[in-house]
Amino acid sequence: MPPDQIIKEANLAGVEKMISIGTSIKDNEDVISLSDKYACVFHTVGIYPHDDLDHEVPDLKEILIKQINKSGKAVGIGECGIDVTNWKGGRSLEDQEALFEMQIKLAKEYRLPLVIHNRNGDAPVFKLLNDTGVEWLRGVSHCFSSSWETAEKFLDLGFYLSFSGNTTYPSAKSLREVVKKVPLEMFILETDSPYLPPQEHRGKINYPKYVKIVAEEVAQVKQKSLEEIEKFSYENTCRLFNLL
Ligand SMILES: [Zn+2]
């Protein structure tokens with residue numbers, strides 16, 4: 001589906017604003033162009049733990065700084081973080097830490113919230129977030145899928161939790177416990193599209209318009225009305241990313 005139609009369908013489903021997430025030098029350029037073209041689209045810039053392997057961290061820092069300043073619509077740094085999986089030919093944990101640390105510092109310097117990707121990286125993620133000092137540090141743990149214990153650590157740092165289509169999966173019982181417990185002021189909703197479609201679209205491409213299905217699930221789990229969940233999700237997102 002072309003971007004025009006994806007955005008139009010999202011708007012029709014009630015999605016007023018979108019933040020398109022950068023994960024590599026090339027992706028960052030794509031989301032910058034998208035936000036230049038559409039008033040309702042904002043973007044982040046970031047380097048995913050296993051992207052742009054042929055660049056050293058100082059080079060990536062220079063490129064990110066240029067990209068932050070390019071559109072005037074960069075609202076966050078990420079996604080960045082730690083990904084410890086059997087990724088073939090990816091960065092070592094040590095290199096991932098150096099890359100993440102650079103992006104944490106950049107977020108603080110530019111007063112931009114971090115969009116954190118965390119897969120099996122609790123220990124290094126919290127160590128790095130704490131070691132760089134917390135005098136100005138904001139952000140979100142995106143596609144949250146860990147335990148309540150981990151959720152509390154993020155909330156203690158003032159970080160938001162972001163829920164996506166995987167909250168609708170039958171196996172996601174412990175995740176729904178986190179959804180139930182998170183304060184209404186501390187969650188946001190996302191799709192992670194084109195990945196992680198909600199249960200009813202599983203195996204297919206995910207789209208921004210399906211964020212409504214995530215909202216319906218969260219409303220049901222938290223025993224709130226859909227309108228209330230939409231309102232909190234919208235206001236929390238605008239507050240975190242300073243959207244006007
Ligand atoms: Zn991610």
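**From values to words**

Mentor: Start with the sheet. Seven strands form an open sheet, in the order β1-β2-β3-β4-β5-β6-β7, with parallel pairing. This is a predicted model, where local features need pLDDT of at least 70, side-chain atom pairs count only at pLDDT 80 or more, and totals for chains, interfaces and linings use all residues. Residues are numbered from 1 along each chain as its sequence is written, and side-chain values use heavy atoms, with hydrogens and water left out.

Trainee: Why do β1 and β7 stand at the edges?

Mentor: β1 (18-20) and β7 (187-189) each have a single partner strand, so one side of each has no neighbour in the sheet. Neighbouring strands here are turned by 30° against each other on average, direction ignored. Axes are lines fitted to C-alpha atoms, for helices over the stretch in contact, and angles run from 0 to 180 degrees between N-to-C directions.

Trainee: How do you know that β1 and β2 pair?

Mentor: Two strands pair if DSSP finds at least two bridges between them. β1 and β2 (residues 41-45) have three bridges, in the parallel sense. Therefore they meet the rule for a pair. Met18 stands opposite Val41 in β2, and Ser20 has His43 as its bridge partner.

Trainee: What makes a stretch a helix or a strand?

Mentor: Both are DSSP runs, numbered from the N terminus: helices are H or I with at least four residues, strands are E with at least two. By that rule the protein chain has nine helices and seven strands.

Trainee: Why is the chain called as compact as a globular protein of its length?

Mentor: Its radius of gyration is 17 Å, close to the 18 Å that the globule rule gives for 244 residues, so the wording holds. The radius is taken over C-alpha atoms, and the rule is 2.2 Å times the number of residues to the power 0.38. The C-alpha atoms fill a box of roughly 45 × 40 × 35 Å along the principal axes.

Trainee: Why is Ser24 called buried?

Mentor: Buried means under 20% relative accessible area, exposed means over 50%, and partly exposed lies in between (1.4 Å probe, protein chains only). Ser24 has 7% relative accessibility, so it counts as buried. Its place is in the loop between β1 and α2 (25-37).

Trainee: Which residues does Ser24 touch?

Mentor: Contact means heavy atoms within 4.5 Å. Ser24 touches Gly46, Ile47, Asp51 and Asp52, not counting residues up to four places away in sequence.

Trainee: Is Ser233 buried or exposed?

Mentor: Buried, because its relative accessible area is 10%. Ser233 lies in helix α9 (residues 226-241). With residues up to four places away in sequence left out, Ser233 touches Phe187, Ile188 and Leu189.

Trainee: What makes β2 mostly covered?

Mentor: Five of its five residues are buried. Val41, His43 and Val45 are on one side, Phe42 and Thr44 on the other. Helix α3 (residues 57-71) lies across β2 and β3 (74-83), running at about 165° to β2.

Trainee: What counts as a nonpolar core?

Mentor: A set of buried Ala, Val, Leu, Ile, Met, Phe, Trp, Tyr and Cys residues joined through side-chain atoms within 4.5 Å. The largest one here has 67 residues, and Leu114, Leu129 and Phe163 touch the most other members. Leu129 is also among the buried residues of helix α5 (residues 122-131). What covers the buried residues of α5 includes β3, α4 (93-109), β4 (114-119) and α6 (148-156).

Trainee: Why is Arg111 called exposed?

Mentor: Its relative accessible area is 52%, which is over 50%, so the word applies. Arg111 is in the loop between α4 and β4. Its phi is near 55°, a positive value in a residue other than glycine. Most residues other than glycine have a negative phi, and most peptide bonds are trans.

Trainee: Which peptide bonds are cis?

Mentor: Glu79 is found in strand β3. Another joins Ser193 and Pro194, with omega about 15°. Pro194 lies in the loop between β7 and α8 (211-222).
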